[in-house]
Amino acid sequence: MQMERFRYDNAIVRNFIVASILWGTVGFLVGLWVALELIFPQLNFELPFLTFGRLRALHTNAVIFAFVGNAMFGGIYYSLQRLLKARMASDLLSAIHFWGWQLIIVAAAITLPMGITSSKEYAELEWPIDIAIALVWVAFGVNMISTIIKRRERHLYVAIWFYIATFVTVAVLHIFNSLELPVSLFKSYSVYAGVQDALVQWWYGHNAVAFFLTTPILGLMYYFLPKAANRPVYSYRLSIIHFWALIFLYIWAGPHHLLYSALPDWAQSLGTVFSVMLIAPSWGGMINGLLTLRGAWDKVRESVVLKFFVVSVTAYGMSTFEGPMLSLKNINAIAHFTDWIPAHVHIGTLGWNGFLIFGMIYWLMPKIYRTSLFSDKMANAHFWIGTLGILFWALPMYVAGFTQSLMWKDFNPDGTLAYGNFLETVTQLIPMYALRALGGTLYIVGMVLLIINVVRTVRSGELLREEEAEAPALERAYAGHKGEHWHRWIERKPLQMTFWSLVVILIGGIIEIVPTILIKSNIPTIASVKPYTALELEGRDIYIREGCNACHSQMVRPFRSEVVRYDPVHQQYSMAGEYVYDHPHLWGSKRTGPDLHREGGKYPHSWHYNHMWDPTSMSPGSLMPRYTWLYSANGRDASLNTSLTEKKLKAMVQLGVPYTEEYIANWEEELNMQAKSIADELNKDPNIKVQPREEIVALIAYLQRLGTDIKKEPALALNQP
Amino acid sequence: MNHRNNPRFFAAWTAVMSSASGLMAQTPTVPATATAEEGRWLVDFFKDPIQIGFVVGIGMVLLALYSINRALNALRETLAPETIKAPKAAPSWYSSLMKGATKATPIEREADVMLDHDYDGIKELDNSLPPWWVWGFYFTIAFSVVYLIRYHILGEPSSKKEFEIAMADAKASVEEYRKKVGDAVDETTVVLLTEAGRIASGKKIYESNCVACHAADGGGLVGPNLTDPNWIHGGGIVNVFKTIKYGVPEKGMISWKDQLSPTQMQDVASYVLTFQGTAPAAPKAPEGEVWVDAAAAEPTTDAPATDSTSTPADSLSTAAL
């Protein structure tokens with residue numbers, strides 16, 4: 001057989017790994033900063049770009065797409081070339097992929113603190129960046145599939161199945177969730193409204209976890225774990241069944257983020273049962289990983305890389321068991337909106353993603369630098385400090401979640417809430433928040449050790465940019481062996497593999513989303529619900545800009561404890577029909593502050609005015625930061641920018657919001673009138689001096705509108721549907 | 001104790017033996033009740049944290065016993081190996097269970113299941129799917145089918161129905177409680193309190209709920225000054241009580257009747273009236289009319305039960321629970 005000589009590209013691997021370490025450190029530090037802001041709200045220094053609502057998105061985007069993303073690409077470029085016995089198809093595409101991705105990250109790091117956001121979780125970036133992501137993602141996909149096509153290995157290894165599924169699914173998710181109508185270069189509105197937007201968002205959001213933080217990482221596990229342990233993969237059959245089951249079932253599970261919400265019950269139930277069915281396929285990955293270490297446990301004691309992998313895979317098993325449990329309605333009723341969810345997520349990210357990446361870096365960097373790791377001891381210290389960090393992060397948050405949820409739901413026997421003041425349930429958690437910040441600090445200390453170790457390792461060696469390799473070319477004709485496993489057929493047909501992965505992941509999404517969008521009866525309309533006024537719409541955009549939805553939900557669930565707390569007068573939970581003009585929805589996923597969906601009319605304008613200026617003036621001990629930049633004060637000009645208002649209204653009309661032509665023609669007059677009436681009301685207070693066109697006025701207009709439409713319909717409020 | 005006669009124990013067993021999808025029906029917002037209704041056994045069982053703790057506790061005790069046993073065996077192995085009997089020829093129940101549950105090919109015979117795959121040096125074994133895993137998978141599928149049938153065909157309560165049940169239960173239990181305790185102070189029976197204990201309780205309530213709008217010394221912030229004789233919605237215990245109870249939503253005074261009990265509202269209303277005539281640090285200008293109590297001549301402890309004041313706020317109460 002003719003041997004062909006070729007070279008692996010190690011430089012691209014190195015680049016992605018270095019980028020992952022750098023951005024990871026930034027993402028971790030931002031995470032620590034926002035954690036500290038929940039203890040010391042004054043840490044925003046009254047600067048908009050340092051405020052929790054904006055930085056939280058920066059943290060999540062940085063750790064998901066920059067830390068895990070870059071590491072995953074590095075790991076894929078390393079393993080893919082070797083598993084296929086081929087160099088990456090195009091160095092140009094590799095470079096476009098690498099530099100394009102870094103530019104996107106830089107763009108995110110600039111725009112998110114500026115408040116340029118679509119508000120949709122893990123998809124906050126505005127439309128021009130969304131397009132850039134799609135293009136770079138396609139460059140990655142084309143590069144990968146071209147490499148697969150010119151491979152010298154007949155069959156595709158399980159890791160590559162996962163890479164392919166990752167590529168097709170993320171492309172589909174990203175494109176459909178990011179469909180938005182641009183208003184300007186930095187502002188767009190989701191084409192979906194309310195319930196539909198929430199469903200599409202969590203179909204995306206959940207599968208960002210599934211197909212960005214799980215399937216590619218499983219692929220990496222299938223390469224790096226057997227390599228590091230030098231053991232055969234435990235079960236090929238298990239790989240097949242858990243791969244197909246996982247990608248088929250995962251896509252359905254999104255609605256478990258919306259249990260007890262205004263989403264139709266049938267969709268909620270699908271979210272629950274598909275999450276429960278996910279336990280076995282997820283655990284298939286875990287046991288295939290852990291059992292591969294059979295006969296190698298003595299090595300685990302010695303190898304720090306394997307230690308990281310074992311904890312990582314165990315964390316994967318824990319969080320993929322916990323996830324389905326959280327999808328059960330009774331557990332979700334306790335956990336949702338509390339700190340339990342961040343705890344769950346961080347077991348996955350710090351444990352499963354982080355530790356797998358650290359193990360991979362410790363294994364891979366010495367290899368491509370032709371040297372050995374600078375210090376095993378230091379890596380071991382990283383392992384223990386990091387593990388401790390995860391525990392300190394997650395355990396207090398479990399306690400916090402439980403504590404807060406029980407306080408929210410606690411009633412006195414006379415029917416009053418035991419903790420009627422929401423703030424009481426927040427200040428209770430501050431010690432837990434402090435412990436969490438300690439956990440995060442430990443994790444970062446571990447990261448610092450990694451940086452030192454990697455820098456010293458790199459200095460002691462030299463990068464082997466082009467690694468020589470040889471393998472025989474594939475013969476054109478190939479007939480399968482007799483008696484081979486049936487699945488071998490598709491493993492040698494990469495395009496069929498890609499196609500069938502696509503089909504399998506489309507089924508769940510189509511069955512859940514299409515009917516919710518097309519069938520009117522899923523979203524019963526409410527006659528009294530009207531579009532926002534121009535001023536309220538601008539106020540809503542300020543709410544989005546400041547990331548208020550990072551801490552405040554807008555979804556009163558059908559629980560006694562919630563209707564009594566949030567809508568004491570009408571005791572009405574949130575209904576699908578209330579959100580029909582909400583492009584995008586702002587339901588939120590975490591209640592660090594109280595729900596706001598029934599906020600309108602609860603307090604006078606002046607309460608909001610004082611509260612946004614200094615929350616502790618109205619709620620002593622509040623953890624909410626000050627929003628002084630919404631006020632024209634101390635020489636600052638906070639005039640409401642209405643240059644886009646007309647365009648915004650017209651965009652809304654295009655999306656189906658029924659503004660009349662007359663309204664659009666007179667929007668400015670209407671806006672001025674409403675702003676003036678609010679300002680006049682405020683100026684009655686001798687301590688307040690406000691101009692109608694200040695941003696705070698628009699925000700107050702929006703807050704005072706929330707949930708008021710439904711109150712105009714007494715019949716509806718009294719007749720529970 | 002005879003377990004068979006213990007309803008909780010029986011409920012627990014019924015729960016474990018029956019379909020696990022009943023787990024879903026729980027509404028944690030409903031206060032625990034002692035009786036296990038037909039069909040809601042599991043709900044009631046898991047509603048009680050003591051019972052959950054009991055199950056978890058047993059699990060932990062078993063785990064602890066197992067670990068102690070392992071530790072003792074290990075100790076015996078090192079200290080007195082001669083007392084350990086030679087292993088029996090027949091495999092222990094544990095190893096046969098493990099074998100049956102995992103169907104793993106032992107490492108020594110790994111070559112038998114080694115496939116001819118080789119990816120950059122990675123080989124693959126063809127071990128069977130672990131039966132425990134396969135059965136677990138089947139179980140979750142069966143669970144899902146049962147779940148969908150229960151909720152969407154057999155009519156297990158939906159989220160909204162659960163809510164209605166919870167609200168009705170709550171209403172009944174609150175009414176029962178109020179009957180029992182006699183905590184039925186309302187605007188027709190409320191009287192001004194003067195005893196130090198009740199005023200202190202009112203002060204505490206005021207400080208955690210009212211200072212945001214009315215200031216700690218009653219001087220007023222967003223809300224009106226409470227120290228002057230002017231009242232927007234009427235002074236005196238009855239009107240103050242009513243304003244607290246039903247609120248004046250259009251002016252930003254929220255209704256407190258779901259956050260404070262009637263007695264608590266009476267306490268805080270009485271405390272508010274102690275501000276009268278005091279000199280706050282930064283008084284807000286007077287708002288509303290100077291209020292004159294028609295029954296001012298009478299002793300304050302004997303408040304006018306039949307005080308005829310407007311009752312528009314009552315219409316709100318019907319909208320509520």
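A residue is called buried here if 20 or more other C-beta atoms lie within 10 Å of its own, with the C-beta atoms placed from the backbone. In this predicted model, Lys307(A) has 22 C-beta neighbours inside 10 Å and therefore counts as buried.

**Lys307 of chain A**

- Lys307(A), the residue that counts as buried, sits in helix α12 of chain A, which covers residues 304–326.
- Once its neighbours within four places in sequence are left aside, Lys307(A) is in contact with Val300(A) and Phe383(A).
- Pro396(A) is 89 residues away from Lys307(A) along the chain, and the C-alpha atoms of these two residues are separated by 24 Å.

**Helices α6 and α19 of chain A**

- Helix α6 (residues 194–212) of chain A packs with helix α19 (residues 494–518) of chain A at an angle of about 165°, and their axes are 9 Å apart.
- Because angles over 145 degrees count as roughly antiparallel, α6(A) and α19(A) are described as roughly antiparallel to each other, and their crossing is left-handed.
- On the α6(A) side the residues that meet the partner helix are Val195(A), Gln196(A), Leu199(A), Val200(A) and Trp203(A), while α19(A) contributes Gly509(A), Glu512(A), Ile513(A), Thr516(A) and Ile517(A).
- Divided by class, this contact of α6(A) with α19(A) has 6 nonpolar, 3 polar and 1 charged residues.

**The two domains of chain A**

- The domain assignment of chain A gives domain 1 as 10–474 + 486–513 and domain 2 as 534–718, and the C-alpha centres of these domains lie 34 Å apart.
- The contact between them takes 44 residues from domain 1 of chain A and 49 residues from domain 2 of chain A.
- Elements that each supply at least two residues of the domain 1 side include α2 (52–84), β2 (180–184), β3 (187–190) and α15 (376–409) of chain A, and α2(A) gives the most to that side, with 5 residues.
- The side of domain 1 of chain A that touches domain 2 of chain A has 22 nonpolar, 13 polar and 9 charged residues.

**The contact of chain B with chain A**

- Chain B provides 60 residues to this contact and chain A provides 68 residues.
- Among the elements that give two or more residues to the chain B side are α5 (131–152), α6 (159–181) and α7 (196–209) of chain B, and α5(B) gives the most, with 11 residues.
- The residues on the side of chain B that touches chain A divide into 35 nonpolar, 15 polar and 10 charged.

Notes: Residues numbered from 1 in each chain as written. Chains lettered and ligands numbered in written order. Predicted model: local features only at pLDDT ≥ 70, side-chain atom pairs only at ≥ 80, totals over all residues. Axes fitted to C-alpha atoms, helices over the stretch in contact; angles between N-to-C directions. Helix = DSSP H or I, 4+ residues; strand = E, 2+ residues; numbered from the N terminus. Parallel < 35°, antiparallel > 145°, perpendicular 65-115°, else oblique. Left-handed = near helix turned anticlockwise from the far one by under 90°. Contact = placed C-beta atoms within 7 Å. Nonpolar A, V, L, I, M, F, W, Y, C, P; charged D, E, K, R; others polar. Domains from an automatic or database assignment. Buried ≥ 20, exposed ≤ 12 C-beta atoms within 10 Å, placed from the backbone.
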